[in-house]
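This briefing goes through selected features of one structure, grouped by topic. Keep the sequence and the 3D view at hand while reading.

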Amino acid sequence: MPLQPETHGTPVAPAVERIPLVAAAGDTVHTTCAYCGVGCGVLATVEDVDARQVRIAGDVEHPANLGRLCSKGSSLGETVHLEGRLLHPEVHGQRTSWDDALAAVAAEIRRVQAEHGRDAVAFYVSGQLLTEDYYVANKLMKGFLGSANIDTNSRLCMSSSVAGHKRAFGSDTVPNCYEDLELADLIVLTGSNTAWCHPILFQRIKAEKQRRPELRVVNIDPRATATNEIADLHLALKPGSDVWLFNGLLVWLAAQGSIDHDYLSRHTSGFEAALAEAAVTAGSVLQVAEATGLSEADVLTFYRWFADTARTMTLYSQGVNQSSAGTDKVNSLLNCHLATGRIGKPGCGPFSLTGQPNAMGGREVGGLANQLAAHMEITDPRHRDLVQRFWQAPALAADNGLKAVDLFEAVHSGRIKLVWIMGTNPVVSLPDADRVKAALAGAECVIISDCIADTDTNRLAHIRLPARGWGEKDGTVTNSERRISRQRAFLPAPGEAMPDWWIIARVGQALGFTDAFDFRSAAAIFAEHAALSGFENDADSVRRDFDISALATLDAEAYDQLAPVQWPVRRGRPDGQARLFADGGFFTADRKARLLPVTPRAPRNATCAEYPFVLNTGRIRDQWHTMTRTGLTPRLLAHLSEPFAELHPDDMAAQGLVDGGLVALRSRWGQMLARVQAGGGQQRGTVFVPMHWTGALSSQGRVGPLVNPVTDPVSGQPENKHTPVALSPWQPAWQGFWLNAEAVELPEADYAVAVRGDTAWRYELAGLEAADPQVLADRWLPVTDGEWLEYADLARGLYRRACLRDGRLVGVLMLARDAAALPERGWLASQMGQVLDAETRRGLLSGRPADPASDVGRTVCACFGVGEKTIRRAIAAEGLDSVAAIGRCLKAGTNCGSCQPELKQILATCGESS
Ligand code: SF4
């Protein structure tokens, strides 16, 4: 087979595609949220097309959320403006036409493969892509470029679940559905801060628990997170000890006679070996307690509840997956569900909560380097043959490609010369991220397709292709419960932005694969994807779980109207299927599930004297990934606005750290600075740092450079939850903040963080070298025209400056030697852009309002912008004694409910009960 086609097509000008319907003012479009794997239905009502004003509400008809939205989903309408968008193709920094950009991409792919072989090119794609985009990218790489070097950022969040599913079920199948959360009598949450990371599912569980208090919830997590609000039992196990706990559960279930032997014998194999292995290391409750650091009583309570509750759901997420033993952790808990026959039945089953909006869709089309398409395997010759014939592929990949961490390592070593990154930001999100940055800086050709112009990754690209964003894209996504939903366009595409599928297809055609990539619409791609899922999917030897062939004949109109449906959607069963495996029917050769012997093992790269703390990274309530979208919304930055490191107060004291001070974190791979946050929920010896901050928003706030790059040997998922680090106080010579009406380049300072506000940008600043504060002030807020207020006490290192123009406050700079000498930011920020009266002017440089009631404090409720001081004052003045009472008085907590755990904490510290 020739490496390249005999004839090369010429670049194709933007073909007339089927432009998805764009709403007119007043129209309401049913679409889905752009963020997490819950996959909530959203109603987008376009209020002004030209101004891109959109009203957002939850879709009561969507089965995932039934009308609810969390703080992130609720604020989607604030993210559709054009600020920061990439609007035109660029080659080497020069704006160019689509024809020339596509020709440049095709020429580079052709050149690199001709000079260095098929595997010298790679695609790195994203769970943010729609299924149709993903399908075309995978088809081009694995079917026509002859390599499987396409991997997705879902590798970082879900690949251990995929691998665990495949080892146990023979397929990557989530057996249950969200409705089971309301049918369960016991819900076990493990490795999941559901309250913050899957908020609408948390709200569903919470509502059910309020309705049915006998519903028990167990939260297995080294941290005490907001999810504990609904937990009857919190198992704060040692980081990484999950397999001991679930192996011990298997042993205990067997000892108590809680095994479903009928299900085992009819539908599974491997029980005896799995049990024997579990008994070696976790044969007694005492052994489990010692290995996990839990009390015997707590372990026993969990085991009893599990054994006694037929309707048990186990929900798991990144705390399980992001581990060098992630796949084993998954299989250890799947073993317990298979052994009890609690799978795929109403109210019982294991349930992987996916991180991204379309991680599942990506898995369905083969977005991982070790998958083919439609849940088929590259390493299975029957699958390769089937896909090759279906695609008429000239160069089907012969073997698995490189998984994300290895893929970027190959870019670093020069094995991969060209990488095309679509809709993701690996310079922030991958472990050992500075090495990834160096890899891209040294690569021959970096291509990006993205809707955002300036990201840490996009800064390193040679070719930049403008993609359409949420609200402009048209396609499908699949959520955690296998539900395929339409994401619909309702805004016109700006500039020359095009759908990702269009960009990839046109490159395919420019490479000469004219017919195979002659896609004119998302609907046409979906039809082909659905047809492939059903292609020869009937013979037992190649029967696959993923089958949506009943949707293969949808015409464009029916595709536009497609209602949310759970796959499989087989011919003869067009309404889909909520649950699988209650009666077996697994996708292994003998149709039986496998229980696996799992040997517990500690995380790789243990703590040591030099790096004594365990760094755990994760999400926070109001941010998403690398903040390219949620960072556009001031109210989502109001809750937690700087990179922080949460520590146990005793560890803080031992390390000389203070709440609100700065800490330097250092690992074998990198370092960062963060604001110290006291967290009673942290175990001693552990530190939590959010994953979100980028180099574009912070000088030293990226946590990725520190993160342990070791991976799970089966799934290739990195160990984001367990990096040994050292901590030390970072004591600057000066620190301060600058409020400015306009956004500016991130100021040059040892510590700098940009925070978008409603009225102004705020820059948190600090420096190690002693400096004249007036000189610093002149650098950032130089005295020019306008009216200036100044206060200096240089002996104490205090300097304050404010600028008014036409009576309006446009800039404030406050510097001090000690952080304690700086005022709170909230009130000053609220004055930006205001015409100040005489009294406010007099008090401005004190940073405190004359009327204390106008200082609302740190934002707690992002939906309604309610601050902590307002809440505390209302509790005191009105005698509020419950979260509900706060809601009635201030509305706080009455929209998405995500802040309710924090409202409870505030009530508790006010001495009231909730
Ligand atoms: Fe979006 Fe929130 Fe729903 Fe997740 S839970 S899909 S972020 S609205």
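The model is a predicted one, and the points below take its features topic by topic.

**Aromatic pairs**

- The pair of Tyr35 and Trp624 links distant parts of the chain, 589 residues apart.
- Tyr35 sits in the loop between β1 (28-32) and β2 (41-48), while Trp624 sits in the loop between β21 (613-618) and α23 (634-637).
- Tyr35 has 1% relative accessibility and therefore counts as buried.
- Trp624 has 5% relative accessibility, so Trp624 also counts as buried; the cut-off for buried is under 20%.
- Phe526 and Tyr559 form another tilted aromatic pair, with 5.4 Å centre to centre and 45 degrees between the planes.
- Phe526 belongs to helix α21 (residues 522-534) and Tyr559 to helix α22 (residues 556-561), so this pair ties together parts that are 33 residues apart in sequence.
- Both Phe526 and Tyr559 are buried.

**An aromatic cluster and charges over rings**

- One aromatic cluster is formed by Phe246, Trp252, Phe302, Tyr303 and Phe306.
- The ring of Tyr559 has Arg486 over its face, at 4.2 Å from the ring centre.
- Arg482 lies over the face of Trp567, at 5.8 Å from the ring centre.

**The shell around the ligand**

- Residues that surround the ligand include Cys33, Tyr35, Cys36, Val38, Gly39 and Cys40.
- Also among them are Leu69, Cys70, Lys72, Gly73, Pro199 and Ile200.
- Two helices, α1 (71-74) and α7 (199-211), each supply at least two residues of this shell.
- Sorted by class, the shell has 9 nonpolar, 2 polar and 1 charged residues.

**Nonpolar cores**

- In soluble globular proteins, nonpolar side chains tend to be buried together.
- The largest nonpolar core here has 95 residues, and Ile187, Leu315 and Phe490 touch the most other members.
- Strand β28 (residues 751-756) gives the most to this core, with 5 residues.
- Not counting residues up to four places away in sequence, Ile187 touches Leu181, Ile205, Leu215, Arg216, Val217, Val218, Met313 and Leu315.
- A second, separate core has 75 residues, including Tyr135, Trp420, Ile503 and Val542.

**Two residues in loops**

- Gly704 is placed in the loop between β25 (686-690) and β26 (723-729).
- At 4% relative accessibility, Gly704 counts as buried.
- Gly704 and Asp432 are 272 residues apart in sequence, yet their C-alpha atoms are 5.9 Å apart in space.
- Leaving aside neighbours within four places in sequence, Gly704 is in contact with Val428, Leu430, Pro431, Asp432 and Ala433.
- Ala795 is in the loop between β30 (787-793) and β31 (798-805).
- Ala795 has 67% relative accessibility and therefore counts as exposed; the cut-off for exposed is over 50%.
- Ala795 and Thr599 are 196 residues apart in sequence, and 63 Å apart in space from C-alpha to C-alpha.

Note on methods
Residues numbered from 1 in each chain as written. Predicted model: local features only at pLDDT ≥ 70, side-chain atom pairs only at ≥ 80, totals over all residues. Heavy atoms only, no water. Near = heavy atom within 4 Å. Helix = DSSP H or I, 4+ residues; strand = E, 2+ residues; numbered from the N terminus. Nonpolar A, V, L, I, M, F, W, Y, C, P; charged D, E, K, R; others polar. Buried < 20%, exposed > 50% of the residue type's maximum accessible area, 1.4 Å probe, protein only. Phe/Tyr/Trp six-rings, centres within 6.5 Å; stacked < 30°, edge-to-face > 60°. Lys NZ or Arg CZ within 6 Å of the ring centre and 35° of its normal. Core = buried A, V, L, I, M, F, W, Y, C linked by side-chain atoms within 4.5 Å. Contact = heavy atoms within 4.5 Å.
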